[in-house]
Amino acid sequence: MLEFAGLNWLAILACVIVGQIVLTVWFAVIFADPWAKAYGAADKAQHTAEVPMYTYGIGLVCMILLSLGQAVLHASVGVSSLGAGLMVGLFVAVMFCVATALPGYAFLLRYGAFKLAIGAQVLVILLHAIILSVWT
């Protein structure tokens, strides 16, 4: 049964903030040029100019949903240790994130973008798992 009672809203907020920071650093600093080139742009500046501003709002909403979803899943399965939290996080990352993202990138023939996007998503999911396990 899904458990919403007793969720640690500060931990969920921390997940949202950490997730947004990690994705910003990942895509705008560390892998900015490879990410831009994976989408066919010449460089980071061109890619940034082509991304509509509302995209960042969509990203924030998705991060909130991811954070809340992971918190509900952790509570529902009774995660009570860091190891268990990481196992649930790894399960979510592979069984849901990779399994749903790969087909879209494969149809678009954007395997470079897939590797960068999945690397970021797996990292965020595992960091969420750590935050939720330690703080809940």
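Contact here means heavy atoms within 4.5 Å. By that definition, and leaving aside residues up to four places away in sequence, Phe 27 touches Ala 32, Trp 35, Leu 116, Ala 117 and Ala 120. The model is predicted.

**Nonpolar cores**
- The largest nonpolar core has 22 residues, and Leu 23, Phe 27, Trp 35 and Tyr 105 have the most contacts inside it.
- At least two residues of this core come from each of H1, helix H2 (32-38), helix H5 (82-108) and helix H6 (111-135).
- H6 supplies the largest share of this core, eight residues.
- Another core, of nine residues, lies apart from it and includes Ala 11, Ile 12, Ala 14 and Cys 15.

**Nonpolar surface patch**
- Leu 10, Leu 13, Ile 17, Ile 21, Val 25, Val 29, Ile 30 and Trp 135 make up a nonpolar patch on the surface.
- Together these residues have about 780 Å² of accessible area.
- Helix H1 (residues 9-30) gives the largest share of the patch, seven residues.
- Ile 30 is one of the patch residues, and it is found in helix H1.
- Ile 30 counts as exposed because its relative accessibility is 52%, and exposed means over 50%.

**A loop residue with positive phi**
- Leu 109 is located in the loop between H5 and H6.
- Although Leu 109 is not a glycine, it has a positive phi of about 55°.
- The relative accessible area of Leu 109 is 65%, so this residue is exposed.

Methods: Residues numbered from 1 in each chain as written. Predicted model: local features only at pLDDT ≥ 70, side-chain atom pairs only at ≥ 80, totals over all residues. Heavy atoms only, no water. Patch = residues over 30% accessible without salt bridge, like charges linked within 9 Å, V, L, I, M, F, W, Y side chains within 5 Å. Areas by Shrake-Rupley, 256 points an atom, 1.4 Å probe, with all protein chains shown as cover. Salt bridge = Lys/Arg side-chain N within 4 Å of Asp/Glu carboxyl O. Helix = DSSP H or I, 4+ residues; strand = E, 2+ residues; numbered from the N terminus. Buried < 20%, exposed > 50% of the residue type's maximum accessible area, 1.4 Å probe, protein only. Core = buried A, V, L, I, M, F, W, Y, C linked by side-chain atoms within 4.5 Å.
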